[in-house]
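The following explanation leads a new reader through one protein model.

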Amino acid sequence: MSRRQPGTADADASAPALITTTEALAALCDRLRTEPFVTVDTEFMRERTYWPDLCVVQLAGSQDVAVVDALAEGLDLAPLGALLADPAVTKVFHAARQDIEIFLLKFGAVPQPLFDTQVAAMVAGFGDQVSYDQLCRALANTQIDKAHRFSDWSARPLSASQILYAAGDVTHLRRIYVALKERLEREGRLEWVAQEMAVLNQPATYRTEPENAWERLKPRTSNRRFLGLLRAAAAWREREAQRINIPRQRLVKDETLLELAATGPETPAELSRARGISEGFAKGRSGAGLIAALQAAKALPDSELPEVPKDRGGPSPSPALVALLKVLLAAKSEEHHVAPKLLASSDDLDRLATEANPDLPALSGWRRTVFGEAALALKAGRLAVGVEGRRIKLIAAG
C-alpha cells in the first residue's frame with residue numbers, strides 16, 4: 001500500500017466531513033491507511049457514568065478531515081478499529097490517556113503506534129502538561145475556538161459549529177506534530193519520547209484494579225486493620241460503580257469510605273449513620289454488598305492485611321535537601337529545555353533525599369544522564385550549587 005506524504009501547508013483549510021454510515025467510515029479509513037500519520041481526538045460524556053460514552057471521533061490525514069458521529073444509528077466502528085491497529089500509520093493524539101482508554105474499551109487494544117504531542121512538547125521544553133491551545137499558538141500560528149468546550153456531545157443533531165469546533169482538534173494537530181517531530185529529530189530526542197510512550201502503550205495504564213483502588217485515597221495511618229477495611233470498601237465501590245455504570249464518587253464519596261473503614265458497620269442501621277449513606281441505600285442491594293465486604297475484611301488474618309505504604313514510614317526528608325534538589329531540577333530543566341515534571345516528581349525528590357539509591361525513573365535512562373547523576377553527586381557532596389550572574393551554576397566539589 002502506497003503512503004501519501006504529509007502535506008500541512010494548506011491542509012488546515014480542509015472542510016470537515018460528517019460521517020454517519022459504516023460505508024462512509026470504511027472509505028475514510030481506507031484512505032487514511034495510506035497516510036504516514038493520522039491525528040485523532042474524541043468527544044465523550046462521563047459526568048453521569050463510570051464508563052465513558054463515546055459521542056464523536058475526529059480524524060485527519062493530509063487531505064481528509066472528518067467528524068465521526070459515533071452515536072449514529074447503525075454505524076459500525078470496526079473500520080476505525082482496523083485503522084487504529086494498523087502498525088504502518090502513526091496515531092497522533094494530544095493528552096492521549098482518556099482517548100486511549102475509550103478505544104481500549106471499545107476495541108480491546110491500545111492504538112499502535114502512538115505519538116502524544118503533550119508528552120513530546122514536555123520533552124521539547126514547552127513546560128509541564130502544555131495545553132493544546134498553547135501549542136496551537138506556538139507551533140500552528142492559530143487561535144482555537146473554545147465556544148463548544150463544554151458542549152453536550154450526546155445531543156443530536158450536531159450543529160455546524162460543533163462540527164467545526166471538533167474538527168479543529170485534529171486539523172491544527174497535524175502541523176503541531178510535524179513541527180515537534182522535526183524539532184525532536186534535530187535535537188536527538190525522539191528516543192526520549194519513545195520511552196515515554198512505553199507507559200501509554202500498556203493496557204494496564206488505563207485499568208483500575210479494584211483491589212488497588214484504596215491506594216488512590218492515600219490514607220494517613222499505619223493501622224493495617226483499618227487499611228484492610230478501606231481496601232475492601234474501595235474494591236466494592238469500584239466493582240459496584242462498574243456494574244451499575246455510575247461515577248464512583250456519586251455512588252459513595254471518598255470521605256465516606258474512610259469513615260466506614262474506621263467504624264466498620266455491620267447492619268443497615270449502622271451503615272445509614274455514615275455521612276452520605278441514605279437509609280434506602282443501606283437497606284438495598286448495594287448496602288448489603290458493602291456490609292458483606294466489610295465483614296469479610298474483618299475476618300482476614302493479619303498476614304492478609306495490606307502492608308503500610310513505604311512512604312508512610314521511615315524518616316522524613318530534610319526540607320533543606322529537598323529544596324536543593326528542587327533548585328538542581330530547575331537548573332537541569334532550564335539547561336536541557338525539558339519540563340521539570342518529566343525529569344522528577346515531588347515524590348521522587350523526597351525519595352532521593354531519604355534513600356541511598358532508590359528505584360526511580362529519574363535514576364535510569366535519559367533522565368539519569370540529564371538529572372539523576374547530578375542529584376546523586378549533590379547528595380554525596382561532589383556537587384555544589386552557586387549563582388553566576390542571573391543563572392544557577394553547578395560547581396564540582398573538590
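Predicted model: local features only at pLDDT ≥ 70, side-chain atom pairs only at ≥ 80, totals over all residues.

**A hairpin, a surface patch, a domain and the cysteines**

Strands β7 and β8 form a hairpin with two residues between them, and Gly389, which lies in the turn, has a positive phi of about 65°.

Strand β7 covers residues 383-388, while β8 covers residues 391-396. The two run antiparallel and are joined by six bridges. Within this pairing, Ala384 stands opposite Ile395 in β8.

Strand β8 also contains Ile392, a residue that takes part in a feature of the surface. Together with Val327 and Val387, Ile392 makes a nonpolar surface patch of about 240 Å². Ile392 itself is partly exposed, its relative accessible area being 39%.

Another part of the chain carries an annotation. An unreviewed UniProt entry assigns the annotation "domain: HRDC" to residues 223-304.

The cysteines remain to be considered. How many disulfides does the structure hold? The structure holds zero disulfides. A disulfide is a covalent bond between the sulfur atoms of two cysteines. For Cys29, the closest cysteine sulfur belongs to Cys55 and is 18 Å away, which is too far for a bond; a disulfide requires the sulfur atoms to be within 2.5 Å. Cys29 counts as buried, at 1% relative accessibility. Cys136 is buried too, with a relative accessible area of 0%.

Key: Residues numbered from 1 in each chain as written. Heavy atoms only, no water. UniProt positions renumbered as here; feature names shortened; annotations may be inferred. Patch = residues over 30% accessible without salt bridge, like charges linked within 9 Å, V, L, I, M, F, W, Y side chains within 5 Å. Areas by Shrake-Rupley, 256 points an atom, 1.4 Å probe, with all protein chains shown as cover. Salt bridge = Lys/Arg side-chain N within 4 Å of Asp/Glu carboxyl O. Helix = DSSP H or I, 4+ residues; strand = E, 2+ residues; numbered from the N terminus. Buried < 20%, exposed > 50% of the residue type's maximum accessible area, 1.4 Å probe, protein only. Pairing = 2+ DSSP bridges.
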